[in-house]
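Hi,

Here is the structure I said I'd pass on. Have a look at it first, and then read my notes below.

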Amino acid sequence: MRMDLATSPGSPERPNEDWASVALPASGQGGTLVVLDGVTPPEGDYGCEHPVPWFTARLGGALVELSASRPDMSLAGILSAAIRRTADAHRGSCDLSHVRTPQATVVVVRWGGPADEVEHLVLSDSVLLIESPDGGVRAVLDDRLDRLPREALRTHASADALRNAEGGFFTAAADPSVAARAVTGRTPRAGVRVVAALTDGASRWVDMFGAGDWTEAVGVLRKEGAQGLIDRVRERESAAARERAEAIRWKLHDDATAVFAEL
C-alpha cells in the first residue's frame, strides 16, 4: 500500500483552507481518506467568529474518526454526524443559519471491512478518481455547480440564492441533511487499484487547462507524486497569467490538494 499527499496554498498571504488526511488501522486491513476544500467567503460578515480552516479541521477530524471507527455506518451517515458534531461545537456562539457560514466540499473514501469494498462519497466540486486493475480511470463528480449557468453565479447574491438550495449546489456547512445530496457508491476492492482525491485547485490541470485527461492525471500522480501534479498546475496558472488567458477568471492560484492511494 502506497500513500502520497501534498497541499499548497493559493497565496502565501492567506491560510490554506484545504484539509486532507489518510488513516490506516493497525491491522492493515483497510483505511480511510478524507479531503476537504474550504469555501472562501466574500469579504464581510458571514455570521461566524471562526475562520474556514477551523471549520475544515473540525469537520475533517470528525470524518476521519467516524469513518475509521464506525464501519456499521454509511459514509452519508458519517458525513451527517460529522456535520452535526461540528455545528454543535460553535452553535452557541455563531449564526449557523447564515448562508455563508463556514462550509466545504467533501471527498471521503473507505476501504476494507467485512464486505471488502471501496466506499466513496463526493459532495460539491472536488474530484475522486478510481483506477481499476486494467488501468481504466473513472472520475466520480458532483457536477451540480458546473451545470449552473455562469450568469446565475455572476454575483455573490445570485450564488448565495443557489447555495445549499434545491436546484442549486450543495456543500457541507451546518445542516446534516445535506449528506443525503452527496454522490455515493461502492466498488469491490478487487476492482480498485488506486484512489486519488483532488480539490478543484489541483484538478485544474484537467478540467480548466485541458493539459491531460483523468487517466493521465493518475499517471502523473503515480510517477511524479501529488506535489508533481500541483507543480504542473502552478506552471499552467503562471503561463495563463502571462498570456492574460481567459481561463483564470476568479483566482489566479487556488489552494490545491492532491491525495494518491495505491491499494
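This is a predicted model: local features need pLDDT of at least 70, side-chain atom pairs count only at pLDDT 80 or more; totals for chains, interfaces and linings use all residues.

Look for Leu128: its bridge partner in S7 is Val140. S6 and S7 run antiparallel and are joined by 4 bridges. Helices and strands here are DSSP runs, numbered from the N terminus, with at least four residues (H or I) for a helix and at least two (E) for a strand. Residues are numbered from 1 along each chain as its sequence is written, and side-chain values use heavy atoms, with hydrogens and water left out.

Now the sheet itself. It is an open one of 5 strands in the order S1-S10-S9-S6-S7, paired antiparallel (two strands pair if DSSP finds at least two bridges between them). Its edge strands, S1 (2-8) and S7 (137-140), each pair on one side only. On average, neighbouring strands are turned by 10° against each other, direction ignored (axes are lines fitted to C-alpha atoms, for helices over the stretch in contact, and angles run from 0 to 180 degrees between N-to-C directions).

Two helices to find next. H5 (residues 200-207) packs on the sheet and touches S6, S9 (194-198) and S10 (256-262), with its direction at about 80° to that of S10; contact means heavy atoms within 4.5 Å. H6 also packs on the sheet, touching S1, S6, S7, S9 and S10, and its direction makes about 35° with that of S1.

Finally, what about Ser124: buried or exposed? Ser124 is buried, with a relative accessible area of 5% (buried is under 20%, exposed over 50%, partly exposed in between, using a 1.4 Å probe and protein chains only). Ser124 sits in the loop between S5 (117-123) and S6 (127-131). Not counting residues up to four places away in sequence, Ser124 touches Thr105, Asp142, Phe170 and Thr171.

Cheers
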